[in-house]
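User: I am new to reading protein models and would like to learn how to go through one feature at a time. Could you take me through this one?

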Amino acid sequence: MNTGSLYGLLHDQYEIVVDHASQEISATVVDEEKADLLQIPAFSPALLAQRTVYDEQGRIIELARGLYRADRYRFNLMVQRNGTRLASVYE
């Protein structure tokens, strides 16, 4: 089993290089099923994060969708002026 990162595996095994990603975070409310999984009341606020990652040829190499409890989520973003480094932290 590989214990490295997905992007490391894509690069090392398949020579696929991540070029950029697009992520959208939006407010939503959870239905009864999702509320049960998140251990919160139905119709509670939540944050929906959807991310698409592209390689150097513009091909999609990852689609991710996450649902987070609004009361336990913090999003930090660091942006540098030259645009070469973006970092995000999810807690």
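Analyst: Let us begin with the nonpolar core, which is a set of buried Ala, Val, Leu, Ile, Met, Phe, Trp, Tyr and Cys residues joined through side-chain atoms within 4.5 Å. Buried means under 20% relative accessible area, exposed means over 50%, and partly exposed lies in between, with a 1.4 Å probe and protein chains only. This is a predicted model, in which local features need pLDDT of at least 70 and side-chain atom pairs count only at pLDDT 80 or more, while totals for chains, interfaces and linings use all residues. Residues are numbered from 1 along each chain as its sequence is written, and side-chain values use heavy atoms, with hydrogens and water left out.

User: Which residues make up the largest nonpolar core?

Analyst: The largest nonpolar core has five residues, namely Val30, Ala35, Leu38, Ile40 and Ala46. To follow one of them, we need contacts, which are heavy atoms within 4.5 Å. Setting aside residues up to four places away in sequence, Leu38 touches Val30, Leu67 and Arg69. In the protein as a whole, buried residues make up 19% of the 91 residues.

User: How many helices and strands are there in the protein?

Analyst: Helices (H or I, at least four residues) and strands (E, at least two) are DSSP runs, numbered from the N terminus. The protein has two helices and five strands, and along the sequence they follow the pattern α-β-α-β-β-β-β. Ser44, for example, is placed in the loop between helix H2 (32-38) and strand E2 (45-55). Ser44 is buried, with a relative accessible area of 13%, and, not counting residues up to four places away in sequence, it touches Thr28, Val29 and Val30.

User: How many salt bridges does a search of the whole structure find?

Analyst: Side chains of opposite charge can pair when their charged atoms come close. A salt bridge is a side-chain nitrogen of Lys or Arg within 4 Å of a carboxyl oxygen of Asp or Glu, and a search of the whole structure finds three. One of them joins Glu62 to Arg51, with the closest N and O atoms 3.5 Å apart. Because Glu62 lies in strand E3 and Arg51 in strand E2, this pair ties together parts that are eleven residues apart in sequence. Glu62 is buried at 15% relative accessible area, whereas Arg51 is partly exposed at 25%.

User: How many aromatic pairs does the search find?

Analyst: Rings of Phe, Tyr and Trp (its six-membered ring) pair if their centres lie within 6.5 Å, and planes under 30 degrees apart count as stacked, over 60 as edge-to-face and the rest as tilted. The search of the whole structure finds one aromatic pair. Tyr68 and Tyr73 form this tilted pair, 4.5 Å centre to centre with 45 degrees between the planes. Tyr68 is partly exposed, with a relative accessible area of 30%, while Tyr73 is buried, with 12%.
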